[in-house]
Amino acid sequence: MSTPAFDPTKAYKRFEVNGAFLGDGREVALLEYVYSRPDLDQLRGNPSRVLQAIDEFARTHTGLINVGEIKGAIVCDTIAKYKPAIMVELGSYVGYSAILFGNALKKAGGKAYYSIEKSPLFAAISTSLVDLAGLRDTVRVIVGTGEEGIMRLHKEGVLEPKVDMFFFDHHKPSYTPDLKVCERLGLVGVGTVLVADNMIQPGNPAYMAYVRASVAEKRELDKESTEKGNPNLQYRSQFIKSFDPSGDEDALEITECVGVEA
Ligand SMILES: C[S@@+](CC[C@H](N)C(=O)[O-])C[C@H]1O[C@@H](n2cnc3c(N)ncnc32)[C@H](O)[C@@H]1O
């Protein structure tokens, strides 16, 4: 996949404001901004218009740590290619990726998009914007950490027979342990695709090493690890350079489970 150039006229404002990247009131301000727009009725049931409104806020008010248009397009292409029936996202924030990818999954004939978010406030904002976009039938936002959300959904039986695609975009050190939880529960199988964000900003060497390790290497590491996954899963992984929505270089790691070694 080639990296399209970044258009500076579309840049979000810098994410950092007085040392904060999120949670300083900007997310509630976004919600108020969206619901006070004069074109609100045209946003109802229209995922693209809701995303445009979120982008507009982040370009003119305060930056938001969304996946953004450029990396988002790469994930949408991946959804169109693999056509997941069930997709799970870890890290919903204000619902930008849930709306973008939930809509792409729906268009590709998919069934359900589960978006897990640790902050109850962000989860409420995400739920509200998903609802505004008309995606309530496809996207469900779950409050909890990645592990709690996965365990709860697994217990409900809604992730059967497996999860076709994951989007990891939450607490960076939790990517590998949360992936191992999914492996342990049997939610990763041949054909499952793992998409992981922020491979440059800020980077995630532990996760990259794990999805690129051979089965033999993982079996060896698994012996000493307290967090057990399924070391027998064979992954094929690709590093895809792109840009975050403020114009800084970033990358996605896209990994496919291609086999299970006996
Ligand atoms: C980068 S933002 C997600 C952006 C979103 N995926 C998008 O592109 O629109 C990361 C989110 O992960 C949430 N988070 C942090 N730790 C988490 C955890 N352990 N489990 C689930 N969510 C977590 C944060 O509250 C934040 O909303």
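Let me start with a term: helices (H or I, at least four residues) and strands (E, at least two) are DSSP runs, numbered from the N terminus. With that in hand, Pro-202 lies in helix α9, residues 199–203. A cis peptide bond joins Gln-201 to this Pro-202, with omega about 5°.

Now the ground rules. This is a predicted model, where local features need pLDDT of at least 70, side-chain atom pairs count only at pLDDT 80 or more, and totals for chains, interfaces and linings use all residues. Residues are numbered from 1 along each chain as its sequence is written, and side-chain values use heavy atoms, with hydrogens and water left out.

Back to the backbone. Glu-160 and Pro-161 are also joined by a cis peptide bond, omega about 0°. Pro-161 lies in the loop between α7 (146–156) and β4 (165–168). Then Asn-18, in the segment before α1. Its phi is near 50°, a positive value in a residue other than glycine.

Next, the ligand. Which residues are closest to the ligand? Val-67, Gly-91, Ser-97, Glu-117 and Asp-169, out of 19 that surround it. To count, a residue needs a heavy atom within 4 Å of the molecule. The shell splits into 6 nonpolar, 9 polar and 4 charged. Nonpolar here means Ala, Val, Leu, Ile, Met, Phe, Trp, Tyr, Cys and Pro; charged means Asp, Glu, Lys and Arg; the others, Gly among them, are polar.

Polar contacts, meaning pairs of N or O atoms within 3.5 Å. A ligand nitrogen is 2.7 Å from a polar backbone atom of Gly-91. A ligand oxygen sits 3.5 Å from a polar backbone atom of Tyr-93. On Asp-169, a polar side-chain atom lies 2.7 Å from a ligand nitrogen. On its own, the ligand has 610 Å² of accessible area, and the protein covers 90% of that. Those areas are Shrake-Rupley, with a 1.4 Å probe.

Last, salt bridges: a side-chain nitrogen of Lys or Arg within 4 Å of a carboxyl oxygen of Asp or Glu. How many does the structure hold? It holds 18. One of them pairs Arg-14 with Asp-248, closest N and O atoms 3.0 Å apart. Arg-14 lies in the segment before α1 (26–35) and Asp-248 in the loop between β6 (233–243) and β7 (249–260), so this pair ties together parts 234 residues apart in sequence.

Terms used:
A polar contact is a pair of N or O atoms within 3.5 Å; within protein, one must be able to donate a hydrogen and the other to accept it, and residues adjacent in sequence count only if both atoms are side-chain atoms.
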